[in-house]
Amino acid sequence: MASIRCQSTFDDIRSEFKNTLKAAFEKHNYEILEKKVASFKSTEIDTKTPLDQAFREVLLHLLSEEADVTVLRSFIQFSIEACRKHLTTPTMPVVLLGDIFDTLTLDVCQSMFSFVEDNVQVWKEDLFFTGCKNNLLRLCNDLLRRLSRTTATVFCGKILLFLAKFFPFSERSGLNIVSEFNLENVTEYGTDNSTDDIVTEIISGEQKHVIDFPFYCKFWKLQDFFRNPNQCYDKVQWKVFCTHSMNILNTFQGIKLDYVNSSDQTSNVGYFAKYLTSQKLLDLQLHDVSFRRSVLLQFLIVFQYLTSSVKFKSDTYELKPDQKEWIQSACEKVYALLRETPPDGENFANIIKNILKREELWNSWKNDGCPEIKKLLPQSEPAEAPKPKKATMLLGDLVKDANKDGKFYIGNTELTKLWNICPSNLDACKDRDFLPSLDDYFADAVTQVESANPTKDDENLLKDCNFGWRALRLLARRSPYFFSINTQNHPLPKYLELMVHKIKTHEKPGRHDENSQEAQTEQEMEENILTEEQNTEDFKQNEYFAEENNPRQEPTKVSNDIRQIIVEKVAPEWEKLGTKLGYKADEIEWFKNENKKRIDQAKHMMDLWFEDDEDANLDNLLYILEGLEMNEAAEAVRNEINTMTD
């Protein structure tokens with residue numbers, strides 16, 4: 001009696017759910033169904049089971065009325081939302097799809113299957129994937145069994161593509177783990193000699209190729225080796241394979257194909273899953289581009305399998321050295337034939353080579369047991385990102401690896417890059433010249449002097465202290481006659497004007513004869529310069545050269561105490577001073593990165609300048625500081641100079 005009462009209760013709940021579901025689906029209102037479920041004060045299992053049955057009965061009613069595919073899709077979508085609201089079990093939508101595909105014709109099934117494809121992301125959700133994956137796999141396999149692979153190729157392809165999108169890449173049910181071959185794929189061809197009288201002779205150049213029944217048998221016999229390459233590990237079968245293969249490849253090599261790209265040729269190229277094997281067609285097939293490429297590609301696939309390390313191969317399946325050499329030679333011949341096969345044979349051969357390289361990676365992944373492939377963490381989480389390989393290598397190993405490649409490894413990224421620009425130091429120094437020529441450096445100054453319009457003082461290069469300082473250094477290095485002129489009585493702008501005049505006339509300083517017109521002109525210019533400067537009030541304050549009444553013979557070595565005093569004065573504006581000393585922007589930035597405090601940055605720069613620059617002395621520093629109007633620092637340097645000369 002208790003079981004009868006329970007059955008009655010289940011039937012009553014199912015009947016009520018059925019009526020409510022019809023009303024809710026017609027109005028597309030989920031609240032009606034939710035309120036009905038909430039009215040039963042039972043556990044979730046007590047309500048989900050009768051509601052699942054109600055969904056199947058409503059679907060059966062729609063199918064009996066031959067409802068449109070659009071209505072069926074809408075009903076499945078309604079069941080998906082009901083699952084998300086935890087009203088039914090998660091497998092319900094796929095169960096309903098199975099009922100639909102079991103009752104509809106294949107044409108309607110193909111239209112309905114597009115709904116399954118469009119919702120692949122829905123089936124991959126955590127709510128549905130675990131419970132529905134087996135049902136979806138069963139549904140697809142049932143459809144494939146009903147379909148013909150030759151007449152319904154497109155539909156079969158859609159089903160297989162859906163399974164590839166739905167299941168993870170490492171899903172073992174979709175992998176040929178043990179590397180089995182499809183031995184059922186048998187190529188049947190005529191083995192009787194009833195057509196032995198069919199003989200075709202193809203003349204290519206001086207060679208004649210006979211396409212007869214023995215050749216026909218050899219050609220299609222190779223398909224059995226392509227179907228099951230393990231036969232090649234047998235000594236007898238290996239000889240048969242080699243003989244037939246070379247016969248076919250030599251025939252391909254002798255028969256050249258002429259490809260004509262006619263204007264009426266369409267872009268749709270026919271594809272055949274399996275070629276016809278009639279002997280009457282073999283002559284035409286040998287001249288077909290697609291047919292030839294298909295056969296050559298089969299050769300390459302078999303060659304790669306025979307030479308690859310496959311985990312599930314038998315230990316006895318191993319080639320001898322002479323067999324490997326034959327395969328290597330045959331591979332080269334096949335690739336040569338692919339390159340000769342029009343159209344665009346070179347590009348096609350390269351594509352095939354890349355595909356087979358990727359196949360090697362696939363084979364290695366299967367040998368490792370098909371481990372799950374995980375995505376890398378995003379760049380926003382560098383702490384969890386994998387460290388580069390070099391970070392875990394010893395320094396000696398890095399240097400050793402670099403030497404093998406003919407490179408240097410210095411330890412610093414920028415230095416390593418710099419040293420590897422030209423590994424040979426002698427070659428790197430051949431064309432390096434850090435000093436410009438006098439003509440190049442003074443070109444703009446010559447243009448200003450020759451200009452008819454007067455140049456403003458702030459634009460006049462001859463009055464620019466930075467230009468003047470570099471000009472003096474260049475003259476001292478480029479011209480051996482720099483010291484032949486008494487420069488002590490010459491202010492820098494006037495002296496540079498004299499040098500510009502000499503450069504403008506393409507003469508080197510001090511090279512003229514004493515009685516020549518040029519020498520007299522230069523002497524007059526020097527006398528005019530001296531006369532003009534003697535009438536200038538600040539002549540004695542000129543710091544470009546040492547004054548006669550206060551000569552300084554040689555720069556004195558600067559002690560650490562004096563350097564510290566100078567550093568304290570220049571620290572507030574040490575970047576400006578560094579620019580005048582010749583340091584570039586990246587070098588100044590390097591000083592900042594090496595030291596945190598400004599005084600330490602200034603000290604680092606001044607120490608390098610005093611130690612590395614041959615012109616580093618207090619006199620030159622005073623000249624630069626005055627030009628930069630760093631008066632406090634200049635006064636400190638001047639006091640040190642006076643103290644040292646007293």
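Select Phe101, Phe113, Phe129, Phe155, Phe162, Phe166 and Phe167: ring pairs join these residues into a cluster. Keep in mind throughout that the model is predicted.

**Aromatic pairs**

The structure has 37 aromatic pairs, counting rings whose centres lie within 6.5 Å. Are Phe113 and Phe162 buried or exposed? Both are buried.

For another geometry, go to Phe213 and Tyr216. This aromatic pair is tilted, with 6.0 Å from centre to centre and 35° between the planes. Here both residues belong to helix α10 (residues 213-227), where they sit three residues apart, about one turn of the helix. Phe213 and Tyr216 are both buried.

**Helix α4**

Next select residues 69-84, which make up helix α4. The helix has 16 residues and spans 23 Å between its first and last C-alpha, close to the 22 Å expected at 1.5 Å a residue. Show the side chains of Val69, Leu72, Phe75, Ile76, Phe78, Ser79, Ile80, Ala82 and Cys83, which are buried in α4. Then step just past the end of α4 to His86, where phi is positive, at about 60°.

**Cavities**

How many cavities of 30 Å³ or more does the structure hold? There are two.

For the largest cavity, select Cys465, Asn466, Trp469, Lys580, Tyr623, Ile624 and Gly627, which line it. The space inside comes to about 60 Å³. Helices α21 (465-478) and α28 (618-627) each contribute at least two residues to this lining. Colour by domain as well: domain 4 (438-505) and domain 5 (560-645) each supply at least three of the lining residues. By class, the lining of the largest cavity has four nonpolar residues, two polar and one charged.

Select Ile177, Ser179, Val310, Lys311, Phe312, Asn363, Lys366 and Asn367 to see its lining. Three residues of this lining are nonpolar, three are polar and two are charged.

Conventions
Residues numbered from 1 in each chain as written. Predicted model: local features only at pLDDT ≥ 70, side-chain atom pairs only at ≥ 80, totals over all residues. Heavy atoms only, no water. 1 Å grid on protein atoms, 1.4 Å probe; cavity = no way out; pocket = protein on both sides within 12 Å on 5 of 7 lines; lining within 4 Å. Points joined across faces, edges and corners; volume = space filled by probe spheres on them. Helix = DSSP H or I, 4+ residues; strand = E, 2+ residues; numbered from the N terminus. Nonpolar A, V, L, I, M, F, W, Y, C, P; charged D, E, K, R; others polar. Domains from an automatic or database assignment. Expected span 1.5 Å × (residues − 1). Buried < 20%, exposed > 50% of the residue type's maximum accessible area, 1.4 Å probe, protein only. Phe/Tyr/Trp six-rings, centres within 6.5 Å; stacked < 30°, edge-to-face > 60°.
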